[in-house]
Amino acid sequence: MSKIVVLCDSYGNIPSVLYVAMHNYRDCPVAIVISGHPDLHKFFQIINERVFHGSINLIYFESYHARRISAKGINKFFQVLPDILRERRYLANFLAEYFSKMAGYDIYFFSPGYNSLTFYLLKKLGKINRWVYMANVASGKSI
């Protein structure tokens, strides 16, 4: 069985992430990638410790904090392009740090709508891995 990475980008994904983790963690390595929600990361740390006995690899990354958000007036306009370039570099560094040797994994995701971080990961990881889209896993319906 192949290795599994589960992308979790919202609180609504918790039941689906736990479903996939519970059904696979004994058979193959499972990593859960949490983007942009420190409370969600803390929740999965506790679940990993108490339920999975530390066998799940948790990867957390924060959203990029753009400088243009705090800029005022015309400076806000001049920060757009540099912010885009800095965010791409930030995401590329994160990808290289955690996923550079990842090939042949099953990448699970649950939402038809994504935040920009999850979309970037799906796009980059999908080149050498297999996407697995699952909808309504907790209710028993899946695609």
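Contact here means heavy atoms within 4.5 Å. The model is predicted, with local features needing pLDDT of at least 70, side-chain atom pairs counted only at pLDDT 80 or more, and totals for chains, interfaces and linings using all residues. Residues are numbered from 1 along each chain as its sequence is written, and side-chain values use heavy atoms, with hydrogens and water left out.

**Figure 1. Fold of the protein chain.** The protein chain has 5 helices and 5 strands (DSSP runs numbered from the N terminus: helices H or I of at least four residues, strands E of at least two). Their order along the sequence is β-α-β-α-β-α-α-β-α-β. The C-alpha trace spans about 55 × 30 × 30 Å along its principal axes. Of the contacts between residues at least 6 apart in sequence, 71% join residues at least 24 apart.

**Figure 2. Crossing of helix 4 and helix 5.** The axes of helix 4 (residues 80-99) and helix 5 (residues 116-125) come within 11 Å and cross at roughly 55°; axes are lines fitted to C-alpha atoms over the stretch in contact, and angles run from 0 to 180 degrees between N-to-C directions. Helix 4 is therefore oblique to helix 5 (under 35 degrees is roughly parallel, over 145 roughly antiparallel, 65 to 115 roughly perpendicular, the rest oblique).

**Figure 3. Residues between helix 4 and helix 5.** Helix 4 contributes Glu87, Arg88, Leu91, Ala92, Phe94, Leu95 and Phe99 to the contact, and helix 5 contributes Ser116, Leu117, Tyr120, Leu121, Lys124 and Leu125. These residues divide into 9 nonpolar, 1 polar and 3 charged (Ala, Val, Leu, Ile, Met, Phe, Trp, Tyr, Cys and Pro count as nonpolar, Asp, Glu, Lys and Arg as charged, the others, Gly among them, as polar).
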